[in-house]
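Here's a quick walk through one protein model, written for someone who likes to know the cut-offs behind the words. Have the viewer open as you read.

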Amino acid sequence: MNNNKIIEEIRKLSDLLSLYQNAYYLQTNPLISDLEYDRLFDRLLFLEKGNPEFVLPDSPSRRVGSDFSQDIPEVLHSIPVLSLDKGYSVESIRDWMDKTISKAGSELSFIVEEKIDGVSIVLYYKKGILNLAATRGNGSVGNDITANVRTIKSVPLRLTEDVDIVARGEIFLPLAEFEKLNSLQEVPFANPRNLTAGTLRRKKSIDVAAVPLEIFIYEGFMDNTEMNHVEILTFLKKLGFKVSNSIGVFSSSKSLTPSLNSGNKESNSLWFRGDFKSLSGYVKKHTKERENLPYEIDGLVIKVNEIDVRESLGFTGHHPRWAIAYKFESPEGTTVIKEIDVQVGRTGRITPVGRVEPVLIGGSTISNVTLHNQEYINILELAIGDTVSVSKRGDVIPAVERIVDKNEDNIPVWKMPERCPSCKQDLEIKGAHLFCVNSECPDQVKGKIFFFLGRNQMDVEGFGPETADYLIEQGFIKTIPDLYSFDYTRLEGLPGFGSKKIKLISNGIKKSLDQPYSRILPSLGIPELGKKAVELLIISGLRDVDDLIKIAAEKDVDKLVSIKGIGERTAEIIINEFSSTIILDLIKDLKTAGLKFEEKEILKQDMFPQIFSDQIWCITGSFENYKPRSLAENEIVKRGGKTTSTVTGNTTHLLAGESAGSKLVKAKSLGTKIITEEKFMEILNNNE
Ligand SMILES: [Zn+2]
């Protein structure tokens with residue numbers, strides 16, 4: 001094939017595929033089958049691979065991203081990219097409209113758009129081709145993230161007309177996609193916006209392509225245009241941009257918005273129009289209905305429709321005078337980051353914690369916010385002194401939602417220290433987090449002792465965190481075994497330690513010697529060895545810690561993995577930990593102190609009330625809380641029940657999960673008691 005033919009075919013394929021892509025993503029109206037689309041796409045990729053010099057700048061293949069690692073360069077905006085002034089009530093919006101009309105000295109119309117809670121983007125098109133996509137940055141300098149933005153399917157790479165235009169829009173992640181993706185994150189994001197911002201900063205565009213980001217365009221800038229905003233929005237649609245249909249047009253007289261009265265009816269028939277009196281109702285309706293939107297909005301934007309008036313109104317230092325944001329009330333509070341401290345957890349994980357000016361949110365005063373790790377801080381671009389919006393979603397630790405105002409002292413984005421704040425050893429990166437790997441690190445040791453004493457672990461009475469903190473700070477207690485060897489009478493006479501208190505502590509420690517092995521082992525804080533895993537080990541017959549030490553010495557992964565509910569990762573950790581001299585010495589010392597490292601009986605009856613004795617259970621279907629199903633089996637067996645794999649006349653109960661089939665039918669015909677997962681959990685809880 002000669003070059004001209006190749007160029008021609010590439011051009012043709014690119015055109016066709018672009019058309020199909022736009023029909024699919026912008027109008028959700030596929031023109032051809034997926035199979036046919038893939039065939040054409042593969043052909044284009046084949047030609048482009050062999051002839052990289054002929055790849056078009058708007059090639060649809062750029063949608064898939066590349067694994068080429070790029071830095072994020074800075075670019076200068078050719079238009080001022082400003083943020084909006086804000087109002088918090090309909091009255092303040094009406095006031096602003098009145099003032100604007102009197103400043104303009106003429107009648108005006110206003111557009112009300114949704115304020116999408118996403119990442120602001122500026123798209124530069126030259127002769128209809130996407131040339132540059134830049135973040136807002138500080139308003140005059142942003143970051144060039146063109147390669148990443150090209151992968152967003154609803155961003156047109158080529159417009160329907162060869163125009164030079166700058167478009168502003170908001171990139172966002174639909175809520176459903178956010179829920180799905182966020183559950184897979186090592187550090188979950190506080191909101192879809194932060195996940196979107198994190199995605200757009202990714203170094204490989206192929207990673208961005210994997211996230212179904214979306215865009216709405218709400219502004220277009222062209223030289224020498226006579227169009228008003230309504231006409232611009234209509235034109236943007238025509239060019240192939242995705243424009244929200246949730247738009248209200250408010251004017252005192254119909255003659256101000258002729259483009260809505262005639263022509264273009266089709267493209268903006270969904271838009272609302274009314275007079276100024278109807279604004280309040282419109283705002284109320286949208287405030288209420290935002291809960292039902294598939295994406296997050298944090299307010300509405302009200303703009304002057306007449307572009308020539310916009311120009312004469314101009315800007316304040318920070319905001320355009322022709323637009324204002326109406327902000328919804330939200331369970332968020334605004335505060336200032338005073339300091340960022342670094343905490344060392346019991347596993348050595350380093351976590352930055354923001355100290356903020358106390359602020360009341362949803363009835364509780366917040367003075368700390370979690371910042372997770374360096375990447376999280378980078379995404380927020382957070383510095384000490386910044387004013388931030390803080391939220392409490394669900395019952396999680398408060399999180400920074402966004403920066404409201406940068407500090408005025410040019411303090412740079414905060415950086416993690418290179419050394420452990422507790423022991424000064426160099427930190428190591430593992431996955432998304434930094435760790436101190438010094439097992440003698442004072443903060444880690446303290447964390448381990450706190451954990452051991454805690455209510456959910458050894459539950460040592462009379463030994464609160466203040467007591468533990470004091471004894472560790474004084475150097476009386478340095479390790480977990482010290483708790484058992486320390487002579488507590490030595491505390492006599494020290495401030496706060498009366499003989500009554502000392503007796504309480506010693507008794508608590510003495511009583512903790514009676515705790516069973518199934519409680520002691522999880523209290524050591526070995527990763528992956530929580531209560532559930534230890535229970536599974538014991539049920540499987542590994543009732544003595546020496547069994548685990550032996551398995552570790554023989555590196556017998558298979559033996560562990562064969563236990564129902566124990567995965568490969570847990571098995572490997574058990575083998576590592578029970579070969580380490582630190583753990584072995586700890587166990588030896590605690591044994592000497594009198595703690596039990598074996599479970600004599602299969603499981604002590606008093607641990608689990610024998611509510612299922614004389615019962616025969618069959619389990620079928622799939623479960624949300626019991627994966628694999630054997631976990632449910634364990635619950636039954638340790639409470640005295642028997643299990644069977646088939647439903648017979650002897651079966652007393654059928655535990656039926658989702659999509660239970662023939663066994664359910666059989667159980668019904670035999671009159672066997674049928675128990676749902678929910679009911680089952682209720683039974684367990686009521687008999688705890
Ligand atoms: Zn350390």
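## Ground rules

This is a predicted model, so local features need pLDDT of at least 70 and side-chain atom pairs count only at pLDDT 80 or more, while totals for chains, interfaces and linings use all residues. Residues are numbered from 1 along each chain as its sequence is written, and side-chain values use heavy atoms, with hydrogens and water left out.

## The whole chain

The chain's secondary structure comes to 25 helices and 23 strands. Those are DSSP runs numbered from the N terminus: H or I over at least four residues for helices, E over at least two for strands. The C-alpha trace spans about 90 × 70 × 55 Å along its principal axes.

Of the 688 residues, 47% count as buried. Buried means under 20% relative accessible area, exposed means over 50%, and partly exposed is in between, using a 1.4 Å probe and protein chains only. Take contacts between residues at least 6 apart in sequence: 68% of them join residues at least 24 apart. A contact here is heavy atoms within 4.5 Å.

## The zinc site

Which residues hold the zinc ion as protein donors? They are Cys420, Cys423, Cys436 and Cys441, each through SG, at 2.2 to 2.3 Å. Donors are N, O and S atoms within 2.8 Å of the metal (3.2 Å for Na, K and Ca); water is not among the atoms, so sites may look incomplete. In sequence, the spacing of the zinc donors reads C-x2-C-x12-C-x4-C.

The ideal for four tetrahedral donors is 109.5 degrees.

## Helices 13 and 14

Helix 13 also packs against helix 14 (465-473). Their axes come within 11 Å and cross at roughly 145°. Axes are lines fitted to C-alpha atoms, for helices over the stretch in contact, and angles run from 0 to 180 degrees between N-to-C directions. On the helix 13 side, Lys446, Ile449, Phe450 and Leu453 meet Pro465, Ala468, Asp469, Ile472 and Glu473 of helix 14.

The loop between these two helices holds Asp459, whose phi is near 50°, a positive value in a residue other than glycine. Most residues other than glycine have a negative phi. Asp459 is partly exposed, at 35% relative accessible area.

## Another positive phi

Look for Glu381 in the loop between helix 12 (374-380) and strand 16 (387-391). Its relative accessible area is 42%, so Glu381 is partly exposed.

## Helix 18

Which residues of helix 18 (residues 531-539) are buried? They are Ala533, Val534, Glu535, Leu536, Leu537 and Ile538. Their cover includes helix 17 (517-523), helix 19 (545-553), helix 20 (557-561), helix 21 (568-577) and helix 23 (630-637). Just after helix 18, Gly541 takes a positive phi of about 110°.
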